[in-house]
Amino acid sequence: MAHEISPLNVEALRAEFPILHQQVHGKPLVYLDSAASAQKPLAVINAQADYLRNHHANVHRGVHTLSQRATDAFEHARRQVQSFLNAREVEEIIWTQGTTDGINLVAQTWGRTHLHAGDRILISRMEHHANIVPWQLLAAERGLHLDVAEIHEDGSLNWDSVQDGLNRSPKLVAMTYVSNTLGTVNDASRLVKAAHNIGARVLIDGAQAAPHKRVDVAALDCDFFVFSGHKTYGPTGIGVLYGKREVLEDMPPWRGGGEMIAEVSLERGTTFAPIPFKFEAGTPHISGAIALGTALDWMQGVGVESIAAHEEALAAATHEALSTIPGMRFIGTAPGKAGVVSFVVEGTHPYDLGSLLDAQGVAVRTGQHCTQPLVDHFGIPGTVRASFAAYNTFEEVATLHRAVERAITLLK
Ligand code: PLP
């Protein structure tokens with residue numbers, strides 16, 4: 001829609017983020033680590049504070065007014081997530097602690113029910129550890145095989161390798177939509193179609209997609225989609241697992257406890273609540289869920305496509321500026337990549353560069369970014385990663401450029 005790709009008023013947006021207006025080591029903060037965690041607008045901070053100050057009680061448990069208010073706000077947030085993801089039904093939205101928690105939930109429930117000795121799971125070389133280790137744990141326990149689709153040198157997915165993996169008839173394909181290290185945006189829709197053609201279920205790791213892309217799980221037709229609140233301008237400790245109703249209903253619960261039961265009897269055993277509550281044992285992160293709902297509304301109000309276009313322009317400007325630096329090597333140059341720029345500079349270590357950037361007020365991520373198999377593949381110790389959000393500016397790109405040049409002078 002035309003209004004959504006209008007340019008952002010970044011100065012006005014920045015005024016909504018109190019944390020950005022501070023100095024670090026005597027320099028104005030330049031926050032370029034939003035792929036690790038995004039900063040929070042006042043709307044989100046206020047939503048969480050307002051809930052805690054005025055409405056808090058436990059949810060789904062009380063007849064008293066505060067409990068009903070808390071429950072209404074909590075369930076309203078679930079509908080906000082449903083609308084953000086375009087899920088068909090609100091029951092398909094399950095609160096988790098984040099992406100990692102969501103993937104572990106799928107591994108421990110769907111995985112332990114449907115995967116048996118000799119079965120295969122297909123992942124890719126560019127996965128975050130969160131989408132590798134839960135499958136390795138399950139594979140070790142169950143005798144499963146984990147196949148890996150490889151990438152091209154520019155960091156794009158190698159579809160021949162994906163096809164090779166699919167030819168081995170995996171029961172599950174679990175892949176990232178957007179790579180946190182490379183910025184590569186995978187064709188999730190093509191992946192889902194290809195996997196469904198061979199009867200596999202598909203989990204999409206949406207941790208880096210939800211903050212930067214319009215996501216439509218109904219159109220994607222994926223079986224599972226996971227993301228984290230803290231990367232979408234919301235709080236930490238809250239995230240979402242989307243699952244198709246029929247898939248979720250066919251899964252046993254994972255954690256047991258209050259809230260997830262229909263009836264508990266010491267004589268007759270326990271029956272479980274319907275989805276989504278079956279997967280939500282214990283008191284949830286109520287204020288986090290409510291503030292996440294606000295964060296997603298905030299993103300939609302700003303315009304998800306506008307945010308993405310702005311971030312991509314910042315990443316392109318960063319590539320252009322840094323490419324003049326001798327010894328610069330970009331890791332991840334796939335066409336159509338998201339707002340992430342990863343690089344190494346010959347003769348310097350990413351950690352040293354990162355520390356010298358911090359001394360100049362520039363916050364970047366250094367290291368393996370929880371993608372060690374990917375970083376090993378490139379034969380490097382790690383990268384320096386600048387990642388962008390709605391609130392970053394072209395002046396900050398210029399500051400990053402100057403700071404990298406200065407750091408290199410100091411290191412050489
Ligand atoms: N998957 C991807 C692609 C990520 O970028 C991240 C976090 O960086 C995760 C999974 C894990 O997210 P969380 O630590 O919020 O569970």
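I begin with charge: the 33 positive and 44 negative charges of the protein chain have mean positions 3 Å apart. Lys and Arg count as positive and Asp and Glu as negative, while His and the chain ends are not counted; each charge is placed at NZ of Lys, CZ of Arg, CG of Asp or CD of Glu.

This is a predicted model, in which local features need pLDDT of at least 70 and side-chain atom pairs count only at pLDDT 80 or more, whereas totals for chains, interfaces and linings use all residues. Residues are numbered from 1 along each chain as its sequence is written, and side-chain values use heavy atoms, with hydrogens and water left out.

Now the overall fold. The protein chain has 14 helices and 17 strands, taken as DSSP runs numbered from the N terminus (helices H or I, at least four residues; strands E, at least two). Its radius of gyration is 22 Å, close to the 22 Å that the globule rule gives for 412 residues, so the chain is as compact as a globular protein of that length. That radius is taken over C-alpha atoms, and the rule is 2.2 Å times the number of residues to the power 0.38. Of the 412 residues, 56% count as buried, meaning under 20% relative accessible area with a 1.4 Å probe, protein chains only.

Next, helix α7, residues 188-197. Its buried residues are A188, L191, V192, A194 and A195. They pack against α6 (159-167), β7 (172-176), β8 (201-205) and α8 (217-220), a contact being heavy atoms within 4.5 Å. After α7 comes G199, with a positive phi near 80°.

Finally, the aromatic residues. The structure holds nine aromatic pairs: rings of Phe, Tyr and Trp (its six-membered ring) with centres within 6.5 Å, called stacked for planes under 30 degrees apart, edge-to-face over 60 and tilted for the rest. The ring centres of F84 and F227 lie 6.2 Å apart with planes at 45°, so this pair is tilted. It joins distant parts of the chain, F84 being in helix α3 (residues 65-85) and F227 in strand β9 (residues 224-228), 143 residues apart. F84 is buried at a relative accessible area of 5%, and F227 is buried at 0%.

What of Y233 and W298? Their ring centres are 5.0 Å apart and their planes at 50°, so that pair is also tilted. Y233 sits in the loop between β9 and β10 (239-243) and W298 in helix α10 (residues 286-302), 65 residues apart. Together with F17 and Y391, they form one aromatic cluster.

How values were computed:
Buried < 20%, exposed > 50% of the residue type's maximum accessible area, 1.4 Å probe, protein only.
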